[in-house]
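Student: I would like to go through this structure with you, one question at a time. Could we begin with the ligand and then turn to the backbone?

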Amino acid sequence: MRDSLKPEEVQQALKTTWLGRAYRYVAAVGSTNDVLKAEESNGDGASNAAGTVLLTDYQERGRGRLARSWEAPPGSSLLFSILLRPGWPAERLSWLTMICGLAVSEAVEQQSGLKTYMKWPNDNVLEHENKWQKYGGILLEGGISKQGALDYVVAGMGINVNIPAGELPRTSFPATSLLVANGRPLSRLDLFCAILSHFEEHYDRAGQGVSPHAAWQERLIYMNERVLVSRLGQGVDVAGQIIGTDTFGQLQIRDDGGAIHHIAAGDMTLRPYLEQ
Ligand code: BT5
């Protein structure tokens, strides 16, 4: 099994042109997003080319959105962050979420044969034992220039590749791994290189103005279903039926009175209506 993620192996297996060509591996770290962000804010980041990737086998303080954590046993997962300097208009930040989600989904399908989906706004999910289960998550953080362009973005991805059933984190939305869903381990190296190839392809196209929205929306779960959208720690903001998403990834929900709401990702979470 090709599973070492050390630079020698990665550089040999990578098929990308620019993404991951500057690649760093650390056995353990607080959070890969925090390292790239800190380098950026204290000026060291200027030497980090767009497309720099930092990957680790273990995070002591892996983060989700807001104050949430991302947990993964050592050596079981793909945990990495990409530094990007898009220069795109700030409202296209959501395109990057879509590109991350698509790259992971396409690579997982290619490597495992599993059919994969996304849960708005940033979860990679699959259907296992008749339930939607989360196997990956995306955390985007960045800075916007005075002109309103995306100056830099750190795109962090966590993917549960070979976590055995007994070691999955206990979470309110059920967690799974590709090992559990597929019944066999996957090469993290092959999956990682495939993700970077798909990412590069989508990113280059987006840079030419081609939106990833249609491909992303095709993979969204809960379309046309009734859902609850909430802000963390607060009550339900909107209850209603998902009728679509717009080109910037905002959710369009029709409430019971017929009014249409546009919900930006921000700190919002989504759950099916029945789980109240
Ligand atoms: C996410 O946030 O799903 C984004 C996760 C991003 C992790 C990567 S790893 C590399 C990079 N460095 C970092 O520090 N982070 C990024 P969110 O939508 O807020 O979901 C977080 C929630 O997912 C938690 O509150 C848990 O309920 C659940 N969770 C935690 N670990 C999980 C896991 N391994 N699998 C499935 N669900 C998990």
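**The ligand and its surroundings**

Student: How far is the oxygen atom of the ligand from a polar backbone atom of R63?

Tutor: This is a predicted model, in which local features need pLDDT of at least 70 and side-chain atom pairs count only at pLDDT 80 or more, while totals for chains, interfaces and linings use all residues. Residues are numbered from 1 along each chain as its sequence is written, and side-chain values use heavy atoms, with hydrogens and water left out. A polar contact is a pair of N or O atoms within 3.5 Å, where within protein one must be able to donate a hydrogen and the other to accept it, and residues adjacent in sequence count only if both atoms are side-chain atoms. For R63, the distance from its polar backbone atom to the oxygen atom of the ligand is 2.7 Å.

Student: Which residue has a polar side-chain atom 2.8 Å from a nitrogen atom of the ligand?

Tutor: A nitrogen atom of the ligand also lies 2.9 Å from an N or O atom in the side chain of Q59. At 2.8 Å from a nitrogen atom of the ligand, the polar side-chain atom belongs to N160.

Student: Which element gives the largest share of the shell around the ligand?

Tutor: Helices (H or I, at least four residues) and strands (E, at least two) are DSSP runs, numbered from the N terminus. At least two residues of the shell come from each of α2 (32-41), β3 (78-84), β6 (131-144) and β7 (150-159). The largest share, 4 residues, is that of β6.

**Burial and backbone**

Student: Is S94 buried or exposed?

Tutor: S94 sits in helix α3 (residues 93-112), and a polar atom of its side chain lies 2.8 Å from the backbone oxygen of F248. Buried means under 20% relative accessible area, exposed over 50%, and partly exposed in between (1.4 Å probe, protein chains only). Because its relative accessibility is 18%, S94 counts as buried.

Student: What is the relative accessible area of N224?

Tutor: N224 lies in the loop between α6 and β8, and its phi is near 65 degrees, a positive value in a residue other than glycine. Most residues other than glycine have a negative phi. N224 is exposed, because its relative accessible area is 52%.

Student: Which proline is joined to W120 by a cis peptide bond?

Tutor: Most peptide bonds are trans. Here omega is about 0 degrees, and the proline is placed in the loop between β4 (117-119) and β5 (123-128). The residue joined to W120 by the cis bond is P121.
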